[in-house]
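Subject: Structure for you to look at

Hello,

Here is the structure I said I would send.

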Amino acid sequence: MGGRPYFFVHVMKTAGMTFNHHIKNNFPRDTIYPGADDLTGVDYWVVDRLRAAVAERADEIRLWHGHFPYFVTDLLPNAITLSVLREPVARIVSLLDQHRRQNAPELDLEEIYDDPLVFRRTVLDHQTKIFSMTEDDEINAWTQHIDVDDRRFEMAKARLGEVDLLGFQEDFDSFLATLRDRWGWTIQPVERVNTADERPVVSDAFRRRIIEDNAYDMAFYEFARSNF
């Protein structure tokens, strides 16, 4: 699998939790960040903790991953960078459904969507945001809000060109096959995790609303599909 480390930027609700099983199947636990000895509920997304870990453990960690803005990969310029995107409406509906199942079963998806905290942190042009945040934003967590505009959109598209392997949740098997064929990963059958038994049904009106609200993410995803 070569000497270079890997950095998987986990965009929320793009099969990242399932991918974690493949990570564990390919790397010893003590060479993964965050690992069993880390406070994974925090280390999985706090940038300052990542910086500290890179400074202390860069020689021993083979696979870095977590909910991070893409700019953190600059901390490890020699790393093989990996990420997965997802069609925005499907990603958002899946996110809302997970939030309902875990936190608010009494609410419908549109009520959760209307929650300003949920919307700004995890919904609004989220994939474009992850790829357009910069060190200058003084970001310490992916949950922080930034306003995505045309400049950010162009920045996000440019950063896609730096990703060594960009996958798509809708074609996840191809992403895994490339890891196997290009870098020698062992790909074993794993059970999909963090998914619902049934896909939630949403109205056409709500689907149109999601598309209109997340125009940058729709365009970002289409650009990625067309170019990568």
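The crossing of α8 and α11 is right-handed (the near helix is turned clockwise from the far one by less than a right angle). This is a predicted model, in which local features need pLDDT of at least 70 and side-chain atom pairs count only at pLDDT 80 or more, while totals for chains, interfaces and linings use all residues. Residues are numbered from 1 along each chain as its sequence is written, and side-chain values use heavy atoms, without hydrogens and water.

Helix α8 covers residues 150-160 and helix α11 residues 215-227; their axes lie 11 Å apart at an angle of about 25°. Therefore α8 is roughly parallel to α11 (angles under 35 degrees). Helices here are DSSP runs of H or I with at least four residues, strands are E runs of at least two, and both are numbered from the N terminus. Axes are lines fitted to C-alpha atoms, for helices over the stretch in contact, with angles from 0 to 180 degrees between N-to-C directions.

On the α8 side, D150, F153, A156, K157 and L160 meet Y216, A219, F220, F223 and A224 of α11 (contact means heavy atoms within 4.5 Å).

L75 sits in the loop between β3 (63-66) and β4 (80-85). With a relative accessible area of 30%, L75 is partly exposed (between buried, under 20%, and exposed, over 50%, with a 1.4 Å probe and protein chains only). Leaving aside residues up to four places away in sequence, L75 touches L50, R51 and V54. R51 is 24 residues from L75 along the chain, and their C-alpha atoms are 7.4 Å apart.

Regards

Key:
Angles under 35 degrees count as roughly parallel, over 145 as roughly antiparallel, 65 to 115 as roughly perpendicular and the rest as oblique.
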